[in-house]
Amino acid sequence: MGRKSLEKERSDNNDKKNDWIKKLSPIFHQNGISSYTMDHIAEVMNKSKATVYKYFNSREEIIEMCVEHNLKAIAQFEAKLNDTKINYIERYKLATRIFMENISLMSTKYLEDLKKLYPDLWNKVRDFQDKSIVILSNYYKVGIENGHFNDLHPGMLAMSDQLFFQILIDQQFLTNNNLTPIMAFEEYFKMKCYGMLPRNAKQTAK
């Protein structure tokens, strides 16, 4: 009976819901989601559970909206990558930074919880990942065809980006190597664009 009365009071205020999602997403990203019940979520938001149910049907709806919010933020990299008003190489740096800044927010704990507890949402993340590799591969392919990059395999270049993004989630790796996500990005960008061999060594290696 209590739940039915709550359903009658359901609010479709999307602005309010999105504000809550923006506040909850960083908390989930840092701490994972397995320990957060609706009671905990209400406590974090400093609201009553009845108020939470006024806007959301369930914890699952909240988690799903958080995942979609994060994927939407990461997806902005595609527009930057295809912005012809920007230098081709600069596009890559700006797009990769967007990807990096959002990926690095997600802890291993959060991703493990998502994979274990919400396999359908995890599949959305994997589908997005696959789509991103295709987008990057196409970008590299066009760049190679137009002389912006050396003649390398576009798929391998895109996969190296994907592996780097996965490393960013590994806080232990960053800590062990005294790196912040930004420092890791700058080092990766230098390595990707300029290589590891000095110019005279490259001549010798030919």
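Visitor: Where is the place of N46 in the chain?

Guide: N46 sits in the loop between α3 (38-44) and α4 (49-55), where helices (H or I, at least four residues) and strands (E, at least two) are DSSP runs numbered from the N terminus. Before going further, note that this is a predicted model, in which local features need pLDDT of at least 70 and side-chain atom pairs count only at pLDDT 80 or more, whereas totals for chains, interfaces and linings use all residues. Residues are numbered from 1 along each chain as its sequence is written, and side-chain values use heavy atoms, with hydrogens and water left out.

Visitor: What is the phi of N46, and is N46 buried or exposed?

Guide: Phi of N46 is near 60 degrees, which is a positive value in a residue other than glycine. With 70% relative accessibility, N46 counts as exposed, given that buried means under 20% relative accessible area, exposed means over 50%, and partly exposed lies in between (1.4 Å probe, protein chains only). A positive phi, of about 55 degrees, is also found at N178, again not a glycine; N178 belongs to the loop between α11 (171-176) and α12 (181-194), and its relative accessible area of 64% makes it exposed.

Visitor: How many helices and strands does the chain have?

Guide: The chain comes to 13 helices and 0 strands. Of its 206 residues, 38% count as buried. Contact means heavy atoms within 4.5 Å, and among contacts in the chain with a separation of 6 or more, residues 24 or more positions apart account for 67%.

Visitor: How are two packed helices described, and at what angle do α5 and α7 pack?

Guide: Two packed helices are described by the angle between their axes together with the distance between the axes. Axes are lines fitted to C-alpha atoms, for helices over the stretch in contact, and angles run from 0 to 180 degrees between N-to-C directions. In this model α5 and α7 pack at about 155 degrees, with their axes 9 Å apart, and the two helices are therefore roughly antiparallel. For the labels, angles under 35 degrees count as roughly parallel, over 145 as roughly antiparallel, 65 to 115 as roughly perpendicular, and the rest as oblique.

Visitor: Which residues make the contact between α5 and α7?

Guide: From α5 come N70, A73 and I74, and from α7 come I98, F99, N102 and I103. By class, the contact of α5 with α7 has 5 nonpolar, 2 polar and no charged residues, where Ala, Val, Leu, Ile, Met, Phe, Trp, Tyr, Cys and Pro count as nonpolar, Asp, Glu, Lys and Arg as charged, and the others, Gly among them, as polar.

Visitor: At what angle do α2 and α5 pack?

Guide: Helix α2 (residues 14-31) packs with α5 at about 85 degrees, the axes being 9 Å apart, and α2 and α5 are therefore roughly perpendicular to each other. In this contact K17, N18, I21, K22, L24, S25, F28 and H29 of α2 meet E61, I62, I63, M65, C66, H69 and N70 of α5, and the residues divide into 7 nonpolar, 5 polar and 3 charged.

Visitor: Is C66 buried or exposed, and which residues is C66 in contact with, leaving aside its neighbours within four places in sequence?

Guide: C66, which lies in helix α5, has a relative accessible area of 1% and is buried. Leaving aside neighbours within four places in sequence, C66 is in contact with I21, L24, S25 and F28. The C-alpha atoms of C66 and L24 are separated by 7.5 Å, although these residues stand 42 residues apart along the chain.

Visitor: What volume does the second largest pocket have, and which residues lie nearest its centre?

Guide: On a 1 Å grid over the protein atoms alone, with a 1.4 Å probe, a pocket is an open set of points with protein on both sides within 12 Å along at least five of seven lines, and lining residues have an atom within 4 Å of a point. A volume is the space filled by probe spheres set on the points, which are joined across faces, edges and corners. The second largest pocket has a volume of about 350 Å³ and is lined by 19 residues, of which I103, L111, V125, Q129 and I169 lie nearest its centre. The lining divides into 14 nonpolar, 4 polar and 1 charged, and α9 gives the most to it, with 5 residues.
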